[in-house]
Amino acid sequence: MSFELIGNVLIAGVLSGLVYGLMALGLSVIFGVVRVVNFAHGEMMTAAMFAAVVLFNTWGIDPFMAVIPVVVVFFALGYLLQRAIINPFITRPEHSQFMLLVAVAIIMVNALLIAFGPNARNVQVDYQLESFELGPLLVDAARLYAAGAALVCSAAVFSFFRFTMTGKAIRACADNHMGAKVVGLDIRHLYALTFGLGSACVAAAGCMMVLLVDVTPQLGPAYTLMAFVIVIVGGLGSMPGALLGGILIGVSEAGAGLFITPSAKSMVSFALLVVVLLLRPQGLLGKRP
Amino acid sequence: MNTIEKTSLATLDVGVSDATEGGADAGRRRFVGAVGAAAIVSSSSLMRPAWAQSAKLKVGVLLPRSGVQAFVGQSCQFGADVAPAVLKSLFGVDIELMNADTETNVDTARSRAERLISEGAQVLVGAFDSGASLAIAQVAEQKGVPFVINIAAAPQITEQGYKFTFRNFPTSVDLVVNGLGLARDLFLATGTAPRTAVFMHVNDTFGQANKAAIASILPKLDYLPFKLLDTIAYDPAAKDLTVEVARAKATKADFLLLVCRLNDAIILRREMVKQRWNPMGIIGPGNPGMYEAQFYAALGKLSDHCISNVPWYDPKSVVTKAIDAQMRKQFPKEKLMYHALNVGFTFESIQIVADAFKRSRSNDPKVLAEAIRQTNIASRMMLGGPIKFNAKGQVEGIASACIQNFNQRPMVVLPAASAEAKPVFPVPGYVRA
């Protein structure tokens, strides 16, 4: 097996993994603060991918430019979803939350089916089939741009939580719910803001992802599952963990395809999940409960 | 005395005479026989109105109209949708379609088949996919309802001893034998002799059947100049084929032998361009994907020169012309050329059950199954001899043609007698590895 082959496959795995990481970041942010597991996460990304396709096919807006309107709309939708539907369930048992979000996911899949039909759609940007030569290595241009944008978006989310007052307030809510209430923070607003941010993350990931894969309404559940695997491997609630998990899953899938058989890609992801759960249940960068 | 009276008297005379000769038993037997004959005559005349009342055959059509195979399923559906009008105008048979979506899912295919039967379907046709067809065949056997497969190649479907399952489509073994034979003809026609190939296939029932067929047949075909360097299986629902294509490229094979479906074929072709892999060509030995309307729509010029060795249609047939006209009427935006194989075999599966219905004058599933077994249809859309089922319920001798894409449309390049264009191999842009 040549260096060229291994190098190409690993680079593709890392670049895809960064986009996966951004997608899972949204899930991690929501769980880390609101303590609700978003079972409609993949479906939200699918909806964002369709939004990017519509913007491209209708007005010729490149998916990288489409990030701005799509993120704004999904932030607003996420905020409203949390305030109107999810918030009453926050104090209810976990199985109620689970059923609620599964119902939201099913409604989203069927709404997308009604709106767009079952067929796969994609965007045909000029650079879609381009690749860069780095010595013997070939790097897919669209994948590189998508990974770069995913890194920028992730950095923006990290910065928000680290350097802004609102971000610090949200972290305070996550660290000590009662304490945050005592000091007068508007918990409901901050929770909704967090859900909006998580939705914005997954929307940005959707805009990147549409450059890498064709979108169908049925894509959602597979990505919800993948996001779970990533955040559990990286550490539920840990933002750097989500990115690390994304890269690990991307690379492990690529490696499985290369060293075992391409059909075993998902199998290796789940094997990695089992190993992490056995050896480090809180995930690679997660905190012990 | 008029004629009727004479006849009656003559009959009576004979009856009296028999009674005299054979005794009372013989007379009673004759009487019972006469009553029986009258009953048969009157019952057959009673059957006529009954036939007239249920003169429509309810055909359950199972196709993957959503999910990964949605494009092909919808393409097949055109063949079903035009069937009632074409069968009525050409053969005078009335049918009623009961459509069901298998959602590209074997379990859904099974449950939809059960539901169609419970809702009154008298025969089933479908289901494009081998896995789904196998599941439906099991239901058809349990319920005793005939099932005519439109497209599905896994050999085991007609190797189970099923009594109600029929297939008018080549098995994967036949497809591969025909496909590899045409590959030899292609190399001869273009004066090429590729020495190596890499084999990529979808990892589903159909792909596995093709893999097994190639593994068993290829070593025996000493007239083919190439050997396989690697075999790469991939998920038919794959969203990304980067690794698979990188592995295939790394083999530095002369050409790609590809058993694909539609969505993966599009993804794979794009990935080949991204990875700058330009082999002598891509040859499908008997699979869908590279001649479908969506393949051209999604890839544009990148779809050109891909080769599929598949069963094809006769553009001059009366049935083809009727189907083409009906498609233009019902679906003005669609062209038969881009759906030919899917429409052709789906239509023929319904033609077979309609023909059996016409001959048997019954919609009893068992009678229909027996009538299907006796099928002998010469007037058809697809190339090949008449449609006749062997003892296993399989139509034999369906030929393939070598189809190459030019200017984003499929064209027959082999056999030479039916060729619309000359084959091109190696394809333009070929870079020796």
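**View 1. The loop that holds B:Arg276, between α9 (262-274) and β9 (282-284) of chain B.** This is a predicted model, in which local features need pLDDT of at least 70, side-chain atom pairs count only at pLDDT 80 or more, and totals for chains, interfaces and linings use all residues. Residues are numbered from 1 along each chain as its sequence is written, while chains are lettered from A and ligands numbered from 1 in the order in which they are written. Helices (H or I, at least four residues) and strands (E, at least two) are DSSP runs, numbered from the N terminus. Now look at the backbone: B:Arg276 isn't a glycine, yet its phi is positive, at about 55 degrees. Most residues other than glycine have a negative phi. B:Arg276 counts as partly exposed because it has 13 C-beta neighbours inside 10 Å. The cut-offs go like this: a residue is buried if 20 or more other C-beta atoms lie within 10 Å of its own, exposed if 12 or fewer, and partly exposed in between, with C-beta atoms placed from the backbone.

View 2. α12(B) has 21 residues and reaches 29 Å from its first C-alpha to its last, close to the 30 Å expected at 1.5 Å a residue. That expected span is 1.5 Å times one less than the number of residues in the helix. The helix is mostly covered, with 18 of its 21 residues buried. B:Arg361 sits in the loop between α12 (340-360) and α13 (365-373) of chain B, and it's partly exposed because 13 C-beta neighbours lie inside 10 Å.

**View 3. Two cis peptide bonds in chain B, one at B:Ala127 and one at B:Pro426.** Most peptide bonds are trans. Here, a cis bond joins B:Gly126 and B:Ala127, with omega about 5 degrees. You'll find B:Ala127 in the loop between β3 (123-126) and α5 (130-143) of chain B. Another cis bond links B:Phe425 to B:Pro426, again with omega about 5 degrees; B:Pro426 belongs to the segment after β12 (409-414) of chain B.

**View 4. Where chain A meets chain B.** Here 22 residues of chain A are in contact with 23 residues of chain B (contact means that the C-beta atoms of two residues, placed from the backbone, lie within 7 Å). On chain A's side, the elements giving two or more residues are α1 (3-34), β2 (137-140) and α10 (239-260). α1(A) gives the most, with 5 residues.
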